[in-house]
Amino acid sequence: MYSEKVMDHFQHPRNMGEIEGASGVGTVGNAKCGDIMRIYLDIDDNQIIRDVKFKTFGCGAAVATSSMATELVKGKNIKEAMQVTNKAVMEALDGLPPVKVHCSLLAEEAIHAALWDYAQKNGIEIEGLEKPKSDIHEGEEEEDEEY
């Protein structure tokens, strides 16, 4: 069961689209469920996120977490944006079903991937930021999956 906030962000997503010439773009996916999330950041000279947009291919929870994540980082500086975790996204949406928690993880990783792109383009280091994975399951042990 989805919360009213999840349904609202799914049915009326905020900040959907793309930013031409974005300061940073991050794309992450989840091969297991097929979700792909791309976040675009427009960051000013004071390292404030002026604008943020997203494009997500996935389920309703993936769209809702993308939408909420953009709301949480808009107007923040890059250090504050680094503090937006999947838990913060879930709490802002009044929770997610356990099988959809990975969607909030995608949102966190997409923000970090966009910040990484920004840092690379500007030759800066962002404290605590690590090179993003292209798939959120990268580096995990292969599991025997039965269908």
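A: Welcome! Two strands pair if DSSP finds at least two bridges between them, and helices (H or I, at least four residues) and strands (E, at least two) are DSSP runs, numbered from the N terminus. This is a predicted model, where local features need pLDDT of at least 70, side-chain atom pairs count only at pLDDT 80 or more, and totals for chains, interfaces and linings use all residues. Residues are numbered from 1 along each chain as its sequence is written, and side-chain values use heavy atoms, with hydrogens and water left out.

Q: In which sense do β1 and β2 pair?

A: β1 and β2 pair in the antiparallel sense, over seven bridges. Val25 stands opposite Tyr40 in β2. The two strands form a hairpin with four residues between them, and Gly34 in the turn has a positive phi of about 90°.

Q: Is strand β1 largely enclosed or open?

A: Buried means under 20% relative accessible area, exposed over 50%, and partly exposed in between (1.4 Å probe, protein chains only). Five of the seven residues of β1 (residues 24–30) are buried, so this strand is largely enclosed by the rest of the structure.

Q: Which residues touch the most other members of the largest nonpolar core?

A: A nonpolar core is a set of buried Ala, Val, Leu, Ile, Met, Phe, Trp, Tyr and Cys residues joined through side-chain atoms within 4.5 Å. Here the largest one has 38 residues, and Leu41, Leu115 and Ile126 touch the most other members. Helix α5 gives the largest share, ten residues.

Q: Where is Gln120 found?

A: Gln120 is in helix α5. Gln120 counts as partly exposed because its relative accessibility is 49%.
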